[in-house]
Amino acid sequence: MATARRPAVNRGSRPAPRPPEGTPPPAELARRARAGLTGAVAIAHWAAAEHGAPGALSDEAAARAAAALGLSESEVRSDWDRARLIGLIEHHAGTTRPGWRLQAWDRDDSAVLRGWVALLDAWSLACPAPAEAEPTAVAEVVEAVPQLLSLLQLSAGPMQISALLDMLRQRVAELRTERCEVPQDAAEIQDATEPQETARGAGSAGSPDDAEDTATLEGLLDWVLDALSSVGALTVREELPEGPDGPESAGSAADEAKGDSREAELSALGSWAVWVKLEQICVAAQSPAGNIEQPAPDMLRGCAGLTPGPARAEYRAWLAARPVGSAVTELIEAARGDDALLRGLAFEALRVVGAPAEPAVRAVVEESCLRPYALLWLAEHEGADPDEALDALTREEATWLWVDTAAAISDHGESPLLVRHLESAVQGTVPALLEEVRAVGHPRTVQVLVALAAAHPDPALAKAVRRAAFQVHTGGA
């Protein structure tokens with residue numbers, strides 16, 4: 001399918017961005033990441049020595065690991081979860097085995113940094129929310145955290161907790177307002193019900209001003225700070241006292257009311273990771289298509305004309321601008337659509353997501369239209385060479401994928417590409433291909449065969465393909 005893409009438009013050269021002044025070099029950042037993840041690496045090596053530990057860490061396995069590593073069982077479970085999120089261990093066929101990142105851990109700084117960023121992206125999984133927290137409030141806070149991190153990074157220094165709380169309240173208010181927007185054609189209903197709702201509902205869908213909401217957000221902000229501190233993204237400390245002539249801080253009144261004298265500051269790793277994401281967003285925002293603002297289908301269409309390298313850069317920027325979970329859901333939904341080209345591109349974007357997308361990809365393996373793509377994704381994710389990943393498909397699945405790719409080419413490519421696509425079929429002869437294509441039951445089979453017959457220069461072959469298309473259309477064998 002990559003051959004069907006047109007060369008990328010020359011956008012002019014852009015100098016490589018430089019991280020903010022004072023950012024340690026990559027080797028030092030990787031050293032700090034390794035220092036903070038020794039427990040996860042140790043449990044991954046223990047799992048490797050077990051020659052296939054159970055997929056889920058049982059009580060018995062946790063006890064054995066704790067005895068072997070000299071840790072408590074709670075520490076073992078925490079390190080186990082982190083090793084999974086980083087990609088040091090992987091689940092496959094009910095067992096756990098070493099991930100490729102474990103093999104590269106001591107020699108590849110970029111692999112270490114990517115693993116640490118994956119942990120940062122999954123901070124809410126590494127440190128789950130309090131059990132008593134209301135799920136909707138937790139979801140709102142998780143969605144607001146990227147803005148908090150951006151604020152900390154742009155401030156280039158410590159910030160008072162009260163200022164972060166104010167920012168969190170504002171962002172939650174925006175999310176609630178967006179969620180409660182009324183469609184244009186419902187304006188009359190809204191106008192009719194507004195007088196009755198005003199007295200009891202004013203402000204309820206907007207900012208969380210009441211004491212209960214404030215207390216909830218304070219508790220969830222503490223959870224966020226503890227979680228980000230535990231993964232090494234920031235530090236929280238008591239604010240240094242100021243002299244009587246010192247400058248007044250913006251949040252001093254709130255601090256005094258709450259009695260919170262703490263301040264938070266990004267670590268060198270946290271600042272670098274947020275800067276990378278902000279830089280990706282800026283790069284995407286400068287693109288003519290403006291893909292960062294688009295929903296997944298439109299973003300993928302905007303990338304269809306790019307070669308693989310620039311396309312991957314666009315995927316990274318689009319992903320950096322939204323929570324990983326919702327981005328993966330959007331891409332899966334785009335892949336379920338009727339456009340075969342978007343299906344292939346969606347799984348290319350999911351390759352950029354990496355390990356966090358694995359549960360969602362495994363969940364769609366039984367969907368016929370997504371199964372070949374999901375199996376290829378999983379094979380590559382588990383270490384198979386892309387050129388050999390097709391071995392993970394049955395003959396029928398490979399044929400279905402061939403038809404789906406041909407549909408993408410016929411919709412978006414040129415006729416010669418469709419003719420050359422014949423060479424990629426697993427069948428050795430055209431009659432064998434036609435026989436299996438007729439049997440595979442792809443919904444676009446007729447259109448693909450008609451397009452191939454029209455494009456092929458060999459009259460005899462084109463006639464055979466047209467006959468096969470007619471037989472499929474009429475229900476013949």
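The model is predicted. A search of the whole structure finds 0 disulfides. Arg 322 is buried yet lacks a salt bridge. Helix α23 has its buried residues along one face.

**Arg 322**
- Arg 322 sits in the loop between α15 (308–320) and α16 (324–335).
- Arg 322 is buried and has no salt bridge.
- Glu 330 is the nearest side chain of opposite charge, 4.0 Å away.
- Leaving out residues up to four places away in sequence, Arg 322 touches Ile 292, Gln 294, Ala 327 and Glu 330.

**Thr 399**
- Thr 399 belongs to helix α20, which spans residues 395–412.
- The relative accessible area of Thr 399 is 1%, so Thr 399 is buried, because buried means under 20%.
- A polar atom of the Thr 399 side chain lies 2.9 Å from the backbone oxygen of Arg 395.

**Cysteines**
- The whole structure contains 0 disulfides.
- Cys 127 has a relative accessible area of 16%, so Cys 127 counts as buried.
- Cys 369 has 21% relative accessibility, so Cys 369 counts as partly exposed.
- The cut-off for buried is under 20% relative accessible area.

**Helix α23**
- Helix α23 covers residues 445–455.
- Its buried residues are Thr 445, Val 448, Leu 449, Leu 452, Ala 453 and Ala 455.
- Viewed down the axis of α23, these buried residues fall within an arc of 165°, so they line one face of the helix.

Key: Residues numbered from 1 in each chain as written. Predicted model: local features only at pLDDT ≥ 70, side-chain atom pairs only at ≥ 80, totals over all residues. Heavy atoms only, no water. Helix = DSSP H or I, 4+ residues; strand = E, 2+ residues; numbered from the N terminus. Buried < 20%, exposed > 50% of the residue type's maximum accessible area, 1.4 Å probe, protein only. Polar contact = N/O pair within 3.5 Å; in protein donor to acceptor, adjacent residues only side chain to side chain. Disulfide = S-S within 2.5 Å. Lys, Arg positive; Asp, Glu negative; His and termini not counted. Contact = heavy atoms within 4.5 Å. Arc of directions from axis to C-beta.
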